[in-house]
Amino acid sequence: MSSGDRRRAPTPLLPRPRAIRNTPRLLDLLDEYDVKAVFFLTTNRMAERTPWGAQHRELAREIVRRGHTLGNHTMNHAKLGAASPSRMRNEIDETSAFIEEVTGVYPKLFRPPGGIRSERLDLFLKERGYTTVLWNTGATDYKIDSPRLITNTLFKVLERRRREEGHQG
């Protein structure tokens, strides 16, 4: 996904709606260790015209202000492997347009909910210039909902990156 200096390659992370209260602290930790991350957003709550929606929108702007990358995770966390092109447009294109409206950044990274993909979805994304991002440590990030677990997970990722960079000389 990244090229150039591996030490500056983004670390994919995904803030969960129930963990939004932890995201500001996570951003502080990332700043402290000079790590840039990719945050994949769903926008259904961001679009709400409520204090909760306003909090989500402001958090997305703060992520961008701090120099992190935003990615698209659909509007409603929809699994699109067998979806129609119309549903894909609604969930993906409208989400990216909304993220751009809120933050000024049009995301070109896409993380399919549940990792569910299909040839049709892959072609749809390719035609629009998206890069699909999956994970390599399992899809249990939804279980991370406390500041302590988020911090421990972040430190594990940072330690793994440090070891990998050490082996590269």
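In this predicted model, helix H3 spans residues 85–103 and helix H4 spans residues 119–127. The two helices pack at an angle of about 50°. Their axes lie 11 Å apart. That angle makes H3 oblique to H4. The crossing of H3 and H4 is right-handed. From H3, the residues in contact are Pro85, Met88, Arg89, Ile92 and Asp93. From H4, they are Arg120, Leu121, Phe124 and Leu125. By class, the contact of H3 with H4 holds six nonpolar and three charged residues, with no polar ones.

Leu121, Phe124 and Leu125 are its buried residues. Seen down the axis of H4, these residues fall within an arc of 95°, so they line one face of the helix. An α-helix has 3.6 residues a turn, so residues three or four places apart point the same way. On the other side of H4, Glu119, Lys126 and Glu127 are exposed. The buried residues of H4 are covered by elements that include H3, strand E4 (109–110) and strand E5 (131–132). Leu121, Phe124 and Leu125 also belong to the contact of H4 with H3. Gly129 follows H4 and has a positive phi, near 80°.

H3 also packs against helix H2, which covers residues 51–65. Here the angle is about 75° and the axes are 9 Å apart. H2 and H3 are therefore roughly perpendicular to each other, as the angle falls in the range of 65 to 115 degrees. H2 contributes Arg57, Ala60, Arg61 and Val64 to this contact. H3 contributes Phe98, Val102 and Thr103. Four of the residues in the contact of H2 with H3 are nonpolar, one is polar and two are charged.

The loop between strand E3 (69–72) and H3 contains Thr74. His77 is found in the loop between E3 and H3 as well. Thr74 is not a glycine, yet its phi is positive, at about 80°. His77, another residue other than glycine, has a positive phi near 60°. The cut-off for a buried residue is under 20%. His77 is partly exposed, with a relative accessible area of 30%.

These elements belong to a protein chain with five helices and five strands. From the N terminus on, the elements run β-α-β-α-β-α-β-α-β-α. The protein chain has 169 residues, of which 40% count as buried. Contacts in the chain were also considered by separation along the sequence. Among contacts with a separation of 6 or more, 68% are between residues 24 or more positions apart.

Conventions
Residues numbered from 1 in each chain as written. Predicted model: local features only at pLDDT ≥ 70, side-chain atom pairs only at ≥ 80, totals over all residues. Heavy atoms only, no water. Axes fitted to C-alpha atoms, helices over the stretch in contact; angles between N-to-C directions. Helix = DSSP H or I, 4+ residues; strand = E, 2+ residues; numbered from the N terminus. Parallel < 35°, antiparallel > 145°, perpendicular 65-115°, else oblique. Left-handed = near helix turned anticlockwise from the far one by under 90°. Contact = heavy atoms within 4.5 Å. Nonpolar A, V, L, I, M, F, W, Y, C, P; charged D, E, K, R; others polar. Buried < 20%, exposed > 50% of the residue type's maximum accessible area, 1.4 Å probe, protein only. Arc of directions from axis to C-beta.
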